[in-house]
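Please keep the sequence and the model in view while reading.

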Amino acid sequence: MARPIIIAILAATAFTAQAGNWNARMLNGNEIVVDPDTNRATVTVHGVTTQLWEGTHRLQDGSVLIIRSGVAVPNKGILESRELPLPEPSEWEDAPIIGYSPCEKLVRRVCGKQGQCVDVTGCGPSQQLLSMEREEREASNNTNLMTFTSGQCLKADRDKEYFASCKP
């Protein structure tokens, strides 16, 4: 199933540095380093280290690193390097959803009820979680039950720093 992807996206919510800097090489061989405390990415070119420029960067391992507003959007490698624990699904999986789902609530809180805050850091990952929750629910026999991703959204909703509430 899509659990590794879900874990990677949710892990973006917990930016406490449990490991050192994450690093990788760009296709041209230049080294990229992402600071675990700030998520700021730097690149070393000819011995000079500067902030990595905005945009999408293809890495030697075939993965991609996106820099948005000067901050690295955590990719699977970054998230795996932070070794975040997997939540226990027994508490919430297959519980009935009443009203908005946990991911719908998260998106409404972070991105705004009318999408006023789509440019904030936590909006994109919360929308990805919502998309995955919808896919899981559609694939289920009962679309009104919480899924694995629903639980990830419950956990993400507790991280008010990364998933900050929309303030239009």
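This is a predicted model: local features need pLDDT of at least 70, side-chain atom pairs count only at pLDDT 80 or more; totals for chains, interfaces and linings use all residues.

Which residue stands opposite Val-64 in S6? It is Arg-58 that stands opposite Val-64 in S6.

Residues are numbered from 1 along each chain as its sequence is written, and side-chain values use heavy atoms, with hydrogens and water left out.

**The sheet**

Strands S5, S6 and S7, in the order S5-S6-S7, make up an open sheet of three strands with antiparallel pairing. Its edge strands are S5 (55-58) and S7 (71-73), each of which pairs on one side only, and the twist averages 30 degrees from one strand to the next. Axes here are lines fitted to C-alpha atoms, for helices over the stretch in contact, and angles run from 0 to 180 degrees between N-to-C directions. Strand S6 (residues 64-68) runs antiparallel to S5 and is joined to S5 by four bridges; two strands count as paired if DSSP finds at least two bridges between them. Helices (H or I, at least four residues) and strands (E, at least two) are DSSP runs, numbered from the N terminus. Strands of a sheet pair through backbone hydrogen bonds, either parallel or antiparallel.

**The disulfides**

The structure holds three disulfides, a disulfide being a pair of cysteine sulfur atoms within 2.5 Å. With bonded cysteines counted along the chain, the disulfides follow the pattern 1-5, 2-4, 3-6.

| Disulfide | S to S distance | Torsion about the S-S bond |
|---|---|---|
| Cys-103 to Cys-153 | 1.9 Å | about 95 degrees |
| Cys-111 to Cys-123 | 2.0 Å | 115 degrees |
| Cys-117 to Cys-166 | 1.9 Å | about 65 degrees |

The disulfide of Cys-103 and Cys-153 is right-handed, because the torsion about its S-S bond is about 95 degrees. Cys-103 lies in helix H3 (residues 102-111) and Cys-153 in helix H5 (residues 148-157), so this pair ties together parts that are 50 residues apart in sequence. Cys-103 counts as buried because its relative accessibility is 0%, and Cys-153 likewise counts as buried at 0%; buried means under 20% relative accessible area, exposed over 50%, and partly exposed in between (1.4 Å probe, protein chains only).

The link of Cys-111 and Cys-123 is right-handed, with 115 degrees about the S-S bond. This pair links distant parts of the chain, with Cys-111 in helix H3 and Cys-123 in helix H4 (residues 123-139), twelve residues apart, and both cysteines are buried.

For Cys-117 and Cys-166, the torsion about the S-S bond is about 65 degrees, so this disulfide is right-handed. Since Cys-117 lies in the loop between H3 and H4 and Cys-166 in the segment after H5, the pair ties together parts that are 49 residues apart in sequence. Cys-117 counts as buried because its relative accessibility is 7%, and Cys-166 is buried with a relative accessible area of 17%.

**A residue of helix H4**

Helix H4 also contains Glu-135, which is exposed, with a relative accessible area of 51%. Between Glu-135 and Thr-149 the separation is 14 residues in sequence and 9.7 Å in space, taken from C-alpha to C-alpha.
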